[in-house]
Amino acid sequence: ERCLGLIDEIADVGSPVVILTGGEPYLRDDIFRIASYGNEKGLRMVLATNGTMVSDDIAGRTRDAGIKRISISLDGADAASHDAFRGVPGAFEGALAGIDAFKRAGVEFQINTTITDRNIEQIDRIFDLAEGLGAAGHHIFLLVPTGRGKDLADQTIGAGDYEKTLHWFYEKS
């Protein structure tokens with residue numbers, strides 16, 4: 001009920017994109033109700049997931065709830081690098097399986113990538129993977145060592161690499 005009330009408040013002052021994220025939003029048993037409610041209020045509802053819980057049923061329910069776009073993080077160009085970053089064996093294959101389910105359901109998706117010193121040399125390959133998968137977009141993020149990211153502070157990139165990455169991304173876009 002608090003989520004629905006917050007959606008009412010948001011809709012009263014504007015119509016921004018509302019990103020349902022977490023943790024993993026699919027762990028909530030009311031996520032589809034929340035998404036549908038926001039959609040009914042005229043808000044553009046999107047959802048960020050790691051993709052590992054997504055079946056054809058979940059993808060279809062996501063579409064039916066009015067989710068306009070999904071974001072799934074790919075932080076490596078292969079299973080070894082992505083799984084190491086996520087700290088979960090099988091996370092890469094789970095993300096790809098989730099993407100396939102969304103594609104079958106007709107749900108638009110984008111790839112998000114957090115750039116670190118451990119994957120910066122893979123960014124071209126990750127971009128090519130996103131394109132090959134048919135992603136509507138590839139969004140990069142630079143690691144901010146807060147929250148769960150505190151444990152990854154040693155992986156932040158330096159100012160020179162930061163600037164080089166932003167120029168690279170501009171050229172790709």
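Analyst: Two strands pair if DSSP finds at least two bridges between them, and the strands themselves are DSSP runs of E with at least two residues, while helices are runs of H or I with at least four, all numbered from the N terminus. This is a predicted model, in which local features need pLDDT of at least 70 and side-chain atom pairs count only at pLDDT 80 or more, whereas totals for chains, interfaces and linings use all residues. Residues are numbered from 1 along each chain as its sequence is written, and side-chain values use heavy atoms, with hydrogens and water left out.

User: What makes β2 and β3 a pair, and in which sense do they run?

Analyst: Strand β2 (residues 44–49) is joined to β3 by four bridges, and at least two are needed, so the two strands pair, here in the parallel sense. In this pairing A48 stands opposite S71 of β3. On β4, S71 stands opposite Q110 and S73 opposite N112, and β3 and β4 run parallel, again with four bridges.

User: Why are β1 and β5 said to stand at the edges?

Analyst: The open sheet has five strands in the order β1-β2-β3-β4-β5, with parallel pairing. β1 (17–20) and β5 each have a single partner strand, so one side of each is left without a neighbour in the sheet.

User: Why is β3 described as largely enclosed?

Analyst: Four of the five residues of β3 (residues 69–73) are buried, so the rest of the structure largely encloses this strand; buried means under 20% relative accessible area, exposed over 50% and partly exposed in between, with a 1.4 Å probe and protein chains only.

User: How do you know that the buried residues of α6 line one face?

Analyst: In α6 (residues 123–133) the buried residues are I123, I126, F127, A130 and L133. Seen down the helix axis they fall within an arc of 130° (taken from the directions from the axis to the C-beta atoms), so they line one face of α6. The face turned away from this buried side carries E131 and G132, which are exposed.

User: What makes a set of residues a nonpolar core, and which residues have the most contacts inside the largest one?

Analyst: A nonpolar core is a set of buried Ala, Val, Leu, Ile, Met, Phe, Trp, Tyr and Cys residues joined through side-chain atoms within 4.5 Å. The largest has 32 residues, and L20, Y26, I70, L74, I99 and F102 have the most contacts inside it. Helix α5 (residues 91–105) gives the most to this core, with seven residues. Another core, of seven residues, lies apart from it and includes I115, I123, F127 and I140.
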